[in-house]
Amino acid sequence: MTDQKPVVRLDGVRKEYGETVALDGVSLEIRSGEAVAVMGPSGCGKSTLLNMIAGLDRPTGGTIEVHGERVDAMNETKLALFRRHHLGMIFQFFNLLDDLPALDNVALAAQLTGSKAGPARKRALELLDELGIADRRNIYPAALSGGERQRVAVARALMNRPALLLADEPTGALDSKAGEQVMDLLLDLNQIGQTLLIVTHDERLAHRCASRLVEMGDGRIARESALERS
Amino acid sequence: MSAVWRAARAAVRRRRLQTFLIGLVVLLCSATTVVSLALLDASSAPFDRTFAARHGAHAVAAYDPAKVTEAQLTAARTGVAAAAGPFGQIVLEPDDRSVGPLPPHAITVVGRADPGGPVDQLDVWHGRWPSAPGEIVLAFPPEENMDRGPLAEMTSVSANGVTLRVVGFAYGISDSADGWVTPEQVRALHPTGLQMLYRFTGDVSTKEAVNARLSGVTTGLPTGALIGAEPYLTVKEDAAEDLGTYLPLLATFGVLGLVVAVLIVGNVVSGAVVSGFRHIGVLKALGFTPRQVVTVYLLMASVPAVAGAVPGAVIGALGGQALIGEAFRGFGFGDTEISWWVWLAALLGIPLIVLVSALVPARRAHRLSAAEAITAGSAQRRGRGLRVQRALSGTRLPRAVSLGLGLPFARPGRTALTMAALLLGVTTVTFAAGLASTLNRVAEIDVQVSGDIGVRGLPSDFGTPTTRTDAQVEELLRGLPGTARVGVFADTELAAAGSNEPIRVIFGRGEVAELGYRAQLLEGRWMAAPDEVVAPSNLLLERGLKVGDQVAVESGGRRGTLRIVGETVRGPSGPPGLMADWSSLTTFVADPKLAPSDFYYQVQVTPGTSVAGYVAAVRAADSGLDVWDNTGGDEFTVIVAGFSTVLGLLLATVAALGVLNTVALDALERRRDLGMLKSIGMTPAQVVAMMVTSMAALGVVGGLLGLPLGILTHRFVVPMSASGARVRLPLSVLTVWSPAVVIPLVLTGVLIAVLGALLPARAAARMTIAQVLHNE
């Protein structure tokens, strides 16, 4: 399913926090339709790498291109608009708005672009339906299970049809059953062409969903390898 | 160092912004509290305070030196707590009464070696005390500007064949003399009286009690030794009349300031503790006992509270003293020291409010388990707030706006306190704006009825009088370029049937009604017949008259009846009098022989005409005419407008700080939500819009509720203030609420809210979100 067009291109990216070097000259390409898993011990810089690609944090040096645009050179507003249209994000702890039911949490991503409530809710409902939790659309996050919350988060991430889906430990807060469901979901998404970057400690997740593994250590890419999905 | 102290110190260091905010809010609220309490204190008893501070005399007595000796007076001490005197006293008839504002009667001059002493300490507010014969200090309330004005012209007083050089001005709360000279000087003038100043023991709160004490003192003195005595209560009554205008205004600002300060401190501190619930949970998990946890939080709030309260109280004291001093200085009540209880209330009261505000939520945390406390630190997620958010998400509003509108429902308690502060902020600003508008309108009426220019013929003893008749002077004035209207007045006193006191009647011709007197009619109508008069409110109050009453008058055997057909705010300058048409003059006055100096002319000039130029033109045209500029605001308007502006701004700032704190807390509690929203594409502008909207909504509600409250306060307090000054205000000066005034005032709430929210909202928009999104 992959082609040769890179969705993400990092060139010599460096990130320092005071005297601590979180990323030390990382260069990486992710092509459209790829599913890349980033693994490594705690503090190796994998979450920092994801933050850099998402424009949530700025590199100290190097360049970052996502979807052909220099993310590291954008101002905050451009970054927000860029994220809105080209990136979807899933977090370990879901980060849903507790004051909104599932449907409105998903619709929110489209509403921020200026979509009216009606069409946004319609698309949100379609996504929840595709993810198998349409019947939970009116439930608030506090009353949803972990797996359900992560599905809502995935639906929200897909709302604006992003070129790249970034997942930070997507199964880290889930029990094994819910984790399996999320893995299946990510796999399905990749198989229909969604480019994925997954930061994880979970080897099962990496081997199940990713086509390439990037292993990090001390802020550098230690090894890259192709994966056979299990 | 105990673990509790260490944890509290760490919490203060870690929460620098919150600590700074608590300190700043406490500082401003302490300042506001001191100013407010000082206003309330000052407004409760300004005379009594100064009287006590200056050891005012309960009675000022004058004795006949021919009948009693100084030794006898000194020895007479029955019921006397303190006495000063005997001082030589003489009544002087100044040769030149028109120079400066000397009273229109003889002046009482007393020989005193110094302005201090056990009774009636005098405030020499300008110049110095007389040190040699030939010098005099005159009694006048303090004036702000001595470079110009009537007092500046008073360099000497000539009377009884001597000329006394004015070396200073002093003010005494006991009103014991019009001027003071050295004892040697008064001896040279051959005093006709001996003055004794008494402070009595026991209760002297009534005139009867003062008189009883006086009887006690004079018992044993030769019969007829006491010429006369004035109890302090007479002076107090006069002062109350003057001050009556200020007191309701000061008290209103005082109460508003106090309530806002308490609300904001409560909101800020309780919010800080609630936002720290998670930390409380962690401390409990570490093994801190519930009591230790509460102590940590009380200490955490106390440090900035004390740091803010002390400088705040000092700033408030300095500001309050200046403000009250400014307000009361003109009345001679310069002793505006902040009372000890005001200091105490600010230095202990505000930190106490801080502690109580911290204690309430801290005790809630005290009851929670560690796990509950950890999860309770975020905004509430249930009930009405959720329903509102859901309803808003379906609206057509931009999503950032609809999310912002829902935010206040997550923390109803905090929202209520913030809104209450905004509401009172708008109330204060509305009241201050209304007051300023009313004062401006009153000033406009004053200026209008005073005319831009006043003209009077010079009396013969002040120069060469004009040779023109009143008709010729009027013609001259009407012929000068720039003249719009001319009113000519002459007054006389007519005997009033049923009263010992004659009544003053001012006859006017020309455009008297158009000068503004008709426009300021409070009741009734303008006169239309020769026997009809209109009267100013203060005259009606003084005489117990009302519109519709008739006054029988007599002049040289000629009798007639004047019918009061209208009530005006005020009449022409000078003592109050009935205003009658010129045609009535010959009807009611038997022999109206009027000298040129008896006519008073008011001139209004056309817009764009230079008043100074006009004054110069009149002088050039006839040097026998005294002419002066009547324009310019009065001191009262300037002072009240000044302090209402200062207090309005202060309270608006405090309310804005409350908003700032609320938004900062919301941003802190919702940092994860904010991070998520930014991660899915919320722009910094949308974050700012969301946070600002959340407060602007409160500003709208605060504005809509605060505006009518401010209008009601204005409607209630201003007439009360006016009645204190024995003035009735026309409806036109109270109905100042045109759309041009009201609309900006409604927006004041939004403005305060937006200004308060902008800074933390921008900080929230710039927040680094990577960390909060990846960690629970």
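How many of the 776 residues in chain B are buried? Buried residues make up 54% of them, where buried means under 20% relative accessible area, exposed means over 50% and partly exposed is in between (1.4 Å probe, protein chains only). A word on ground rules: this is a predicted model, in which local features need pLDDT of at least 70 and side-chain atom pairs count only at pLDDT 80 or more, while totals for chains, interfaces and linings use all residues. Residues are numbered from 1 along each chain as its sequence is written, chains are lettered from A and ligands numbered from 1 in the order in which they are written, and side-chain values use heavy atoms, with hydrogens and water left out.

**Chain B in brief**

Chain B has 25 helices and 20 strands; helices (H or I, at least four residues) and strands (E, at least two) are DSSP runs, numbered from the N terminus. Take the contacts in chain B with a separation of 6 or more: 82% of them come from residues 24 or more positions apart, a contact being heavy atoms within 4.5 Å. Chain B exposes about 32100 Å², and carbon and sulfur atoms supply 59% of that (Shrake-Rupley method, 1.4 Å probe; for residues, only the protein chains shown count as cover).

**Two sheets in chain A**

One open sheet in chain A has 4 strands in the order β2-β1-β4-β5, with antiparallel pairing; two strands pair if DSSP finds at least two bridges between them. Strands β2 (20-31) and β5 (69-70) of chain A sit at the edges with a single partner strand each, so one side of each has no neighbour in the sheet. Strand β1 (residues 6-17) of chain A is joined to β4 (residues 61-66) of chain A by 5 bridges, and A:R14 stands opposite A:G61 in β4(A). Helix α1 (residues 46-54) of chain A lies across β1, β2 and β4 of chain A, at about 120 degrees to β1(A). Such angles run from 0 to 180 degrees between N-to-C directions, with axes fitted to C-alpha atoms, for helices over the stretch in contact.

Another open sheet of chain A has 6 strands in the order β6-β7-β8-β3-β9-β10, and here the pairing is mixed. Its neighbouring strands are turned by 15 degrees against each other on average, direction ignored. In chain A, β3 (residues 35-39) and β8 (residues 195-199) run parallel and share 4 bridges, with A:V36 opposite A:L197 in β8(A). Helix α6 (residues 176-191) of chain A packs on this sheet, touching β3, β6, β7 and β8 of chain A, and its direction makes about 150 degrees with that of β8(A).

**Charges and cysteines**

There are 37 salt bridges over all chains, each a side-chain nitrogen of Lys or Arg within 4 Å of a carboxyl oxygen of Asp or Glu. Here are three of them:

| Salt bridge | N to O distance |
|---|---|
| A:E16 and A:R14 | 2.5 Å |
| B:E184 and B:R187 | 3.9 Å |
| B:R563 and B:E532 | 3.2 Å |

B:E184 and B:R187 are 3 residues apart in helix α5 (residues 183-188) of chain B, so about one helical turn separates them. B:E184 is partly exposed at 43%, while B:R187 is exposed at 54%. B:R563 in β17 and B:E532 in β15 of chain B link distant parts of the chain, 31 residues apart. B:E532 is buried at 4% relative accessibility.

As for disulfides (cysteine sulfur atoms within 2.5 Å), a search of the whole structure finds 0. A:C44 is buried at 2% relative accessible area, and A:C209 is buried at 0%.
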